[in-house]
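Here are my notes for when you open the structure for the first time. Keep the viewer beside you and take the points one by one.

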Amino acid sequence: MLYEEDYKLALEAFKKVFNALTHYGAKQAFRSRARDLVEEIYNSGFIPTFFYIISKAELNSDSLDSLISLFSSDNAILRGSDENVSYSAYLFIILYYLIKRGIIEQKFLIQALRCEKIRLDLIDELYNLAPIISARIRTYLLAVKRLSEALIEAR
């Protein structure tokens, strides 16, 4: 079943993020992102929300390196302010799904994140795929929301 696979992916991604958020404030901020952004995707659309998440993550070379290392390591730590890290963590949640579901190739994604010229290609591709992504990612994001509500204490 597709839903069961989405729950399994959500648990995998959540574990990585939970371990990568070393400050309690970052975990609480991630909990807020997980609760709010899933609805924002469906109210405002995937692409505008995705742009918002990227802008709030404020990806620089250090934070980008830590985000990319999270794809290949269970011991990676996201670096930055609690607020920025929470957005980076949610960005990871979305990108993890896109990679694992074969919607976007990991190699292309990493190149796009590192290079501003290719990043525009990524955004263009995501724009074209937005209706498909919106239709498929909801169960996964709701599972991440529930995991964060269950395992991260509210402020």
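This is a predicted model: local features need pLDDT of at least 70, side-chain atom pairs count only at pLDDT 80 or more; totals for chains, interfaces and linings use all residues.

1. Start with the middle. The largest nonpolar core has 57 residues. Phe30, Ile94 and Tyr140 are the ones with the most contacts inside that core. In soluble globular proteins, nonpolar side chains tend to be buried together.

2. The largest share comes from α5, with 13 residues.

3. Now pick out Tyr140, one of the residues with the most contacts inside the core. Setting aside neighbours within four places in sequence, Tyr140 is in contact with Asp6, Leu9, Ala10, Ala13, Ile93, Tyr96 and Tyr97. Keep Asp6 in mind for the next point.

4. Asp6 sits in helix α1, which covers residues 2-20. Is Asp6 buried or exposed? Its relative accessible area is 1%, under the 20% cut-off, so Asp6 counts as buried. Beyond the neighbours within four places in sequence, the contacts of Asp6 are Tyr97, Arg101, Arg136, Thr139 and Tyr140. With Arg101 there is also a polar contact of 2.7 Å between the two side chains.

5. Ser86 is another one to click on. Ser86 belongs to helix α5 and has a relative accessible area of 0%, so this residue is buried. Once neighbours within four places in sequence are left aside, Ser86 touches Ala26, Ala29, Phe30 and Arg33. Phe30 is a name you have met already, as one of the residues with the most contacts inside the core.

6. Next, look at how α3 and α7 meet. The axes of helix α3 (residues 46-57) and α7 come within 9 Å and cross at roughly 125°. That angle makes α3 oblique to α7. On the α3 side the contact uses Phe46, Ile47, Phe50 and Phe51, and on the α7 side Ile123, Leu126, Tyr127, Ala130, Ile133 and Ser134. Sorted by type, the residues of this contact are nine nonpolar, one polar and no charged.

7. Stay with Phe51 in helix α3 for a moment. How accessible is Phe51? The relative accessible area is 37%, which falls between the 20% and 50% cut-offs, so Phe51 is partly exposed.

8. From α4 come Leu64, Asp65, Leu67, Ile68 and Phe71, while α6 brings Gln106, Leu109, Ile110, Leu113 and Arg114. This contact divides into seven nonpolar, one polar and two charged residues.

9. Finally, go to the outside. Pro131 lies in helix α7, residues 116-151. With a relative accessibility of 59%, over the 50% cut-off, Pro131 counts as exposed. Pro131 and Ala20 are 111 residues apart along the chain, and 30 Å separates their C-alpha atoms.

Technical notes. Residues are numbered from 1 along each chain as its sequence is written. Side-chain values use heavy atoms; hydrogens and water are left out. Helices (H or I, at least four residues) and strands (E, at least two) are DSSP runs, numbered from the N terminus. Buried means under 20% relative accessible area, exposed over 50%, partly exposed in between (1.4 Å probe, protein chains only). A polar contact is a pair of N or O atoms within 3.5 Å; within protein, one must be able to donate a hydrogen and the other to accept it, and residues adjacent in sequence count only if both atoms are side-chain atoms. Contact means heavy atoms within 4.5 Å. Axes are lines fitted to C-alpha atoms, for helices over the stretch in contact, and angles run from 0 to 180 degrees between N-to-C directions. Angles under 35 degrees count as roughly parallel, over 145 as roughly antiparallel, 65 to 115 as roughly perpendicular and the rest as oblique. Ala, Val, Leu, Ile, Met, Phe, Trp, Tyr, Cys and Pro count as nonpolar, Asp, Glu, Lys and Arg as charged, and the others, Gly among them, as polar. A nonpolar core is a set of buried Ala, Val, Leu, Ile, Met, Phe, Trp, Tyr and Cys residues joined through side-chain atoms within 4.5 Å.
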